[in-house]
Amino acid sequence: EDRQRNEAFESRIDEGDFIEAKDWMPEHYRKTLVRQISQHAHSEIVGMLPEGNWITRAPTLKRKAILLAKVQDEGGHGLYLYSAAETLGTSRDQMLDALHTGKAKYSSIFNYPTLTWADIGVVGWLVDGAAIMNQVPLCRCSYGPYARAMIRICREESFHQRQGYESLLTMMRDGTDAQKAMVQDAVNRWWWPSLMMFGPADKDSPNSEQSMRWGIKRLTNDELRQKFVDATVPQAELLGITLPDPDLKWNAEREHHDFGAIDWNEFWRVVGGNGPCNTERLQARVKAWDDGAWVRDAALAHARKRAPEARA
Ligand code: 3HC
């Protein structure tokens, strides 16, 4: 019985079908999607913190308004993705408890500090640029609700990336030497952590093979990382900054850029909770959850009053 259902499921995946919430699916498929979508949602919510840090200090009203809109978008992406994960039978409380107790992961990139205003432009350019590279293939993910959430999110991500790049262009073209140095310093600090966003090397990725088989991943971690490097090098040249990798160079034979070794010790240290800002980020999220308890209680009390049968 189960073997037949598994075979039917696998052939649906092979035919490029979208699996919907009410369809039968192997427990492992459900579990890996809850893991990936909830961690993706956590990343969006935690990702609001490094940028939110600069909303009150943006240099002009225009930059403040743009940053406000971007951080608001990230919050919306998070809620959108929590809803997509809920279609798989998990609850918002379970997912948030996993985040707050350190059981669930979120993208390592958000455990680095945003030290200067140039960081905000670099985060838009590199971090949202990497996110787009990783999220466009997810629009074709075999799980329907996730793929559809990605289509809307990717549209907003391209605005995020473009506004970041444009603010750096302004600094590099019209800025003082100190402002140009500020951009270069931010790039030096964010380049390698941005490459780590794509995950471990394929050979060290326990989930990739199954995720590729099930059409959750359409390109591997290394393939997406390579696409990101190839797309970003010309943008860096246009900006007039150098990327902090002496081994970065065009390989005419491969028709890709070769680049230096990633410090996987740093990657696993940050993923393991020991990056520069992990404690601070999680404390901020737990505090927000605790401070917001009265809002949730009031909303639930109001809902019960409005729908008496829900009083049970
Ligand atoms: N940070 C934290 N954990 C990471 C990581 C990273 N950069 N890269 C990989 N990991 C974790 C994985 O979650 C997995 O741990 P788990 O099994 O406990 O979940 C482990 O390291 C091994 O990695 P795998 O490659 O085997 O895991 P995946 O197949 O899940 O691939 C992934 C990792 C590419 C991040 C994939 O999960 C994915 O595509 N997720 C959806 C996209 C996403 O979450 N992007 C994060 C950034 S969101 C963002 O940038 C918002 C934007 O607005 C700025």
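Guide: His100 counts as buried because its relative accessibility is 17%, where buried means under 20% relative accessible area, exposed over 50% and partly exposed in between (1.4 Å probe, protein chains only). This is a predicted model, in which local features need pLDDT of at least 70 and side-chain atom pairs count only at pLDDT 80 or more, while totals for chains, interfaces and linings use all residues. Residues are numbered from 1 along each chain as its sequence is written, and side-chain values use heavy atoms, with hydrogens and water left out.

His100 belongs to helix α5, residues 92–100; helices (H or I, at least four residues) and strands (E, at least two) are DSSP runs numbered from the N terminus. Setting aside residues up to four places away in sequence, His100 touches Leu282, Arg285, Val286 and Trp289, a contact being heavy atoms within 4.5 Å.

Asp119, in helix α6 (residues 117–135), is buried with a relative accessible area of 0%. Beyond its neighbours within four places in sequence, Asp119 is in contact with Pro113, Thr114, Ala186, Arg189 and Trp190.

Met196 is part of helix α8 (residues 177–196) and is buried, at 2% relative accessible area. Its contacts, not counting residues up to four places away in sequence, are Ser108, Tyr112, Arg225, Ile262, Asp263, Glu266 and Phe267. Met196 and Trp264 are 68 residues apart along the chain, and their C-alpha atoms are separated by 8.3 Å.

Glu255 provides a contrast. This residue is in the loop between β1 (249–251) and β2 (256–258), and it counts as exposed because its relative accessibility is 56%. Glu255 is not a glycine, yet it has a positive phi of about 60°. Most residues other than glycine have a negative phi.

Now the chain as a whole. Its secondary structure comes to 13 helices and two strands. The radius of gyration, taken over C-alpha atoms, is 21 Å, close to the 20 Å that the globule rule gives for 312 residues, so the chain is as compact as a globular protein of that length. That rule is 2.2 Å times the number of residues to the power 0.38. The C-alpha trace spans about 65 × 50 × 35 Å along its principal axes. Among contacts with a separation of 6 or more, 76% are between residues 24 or more positions apart.

Of the 312 residues, 49% count as buried. The largest nonpolar core has 76 residues, and those with the most contacts inside it are Tyr29 and Tyr143; such a core is a set of buried Ala, Val, Leu, Ile, Met, Phe, Trp, Tyr and Cys residues joined through side-chain atoms within 4.5 Å. Helix α7 (residues 144–174) gives the largest share of this core, eleven residues. Tyr29 touches Phe9, Ile13, Ile19, Ser142, Tyr143, Trp214 and Ile216, with residues up to four places away in sequence not counted. In soluble globular proteins, nonpolar side chains tend to be buried together.
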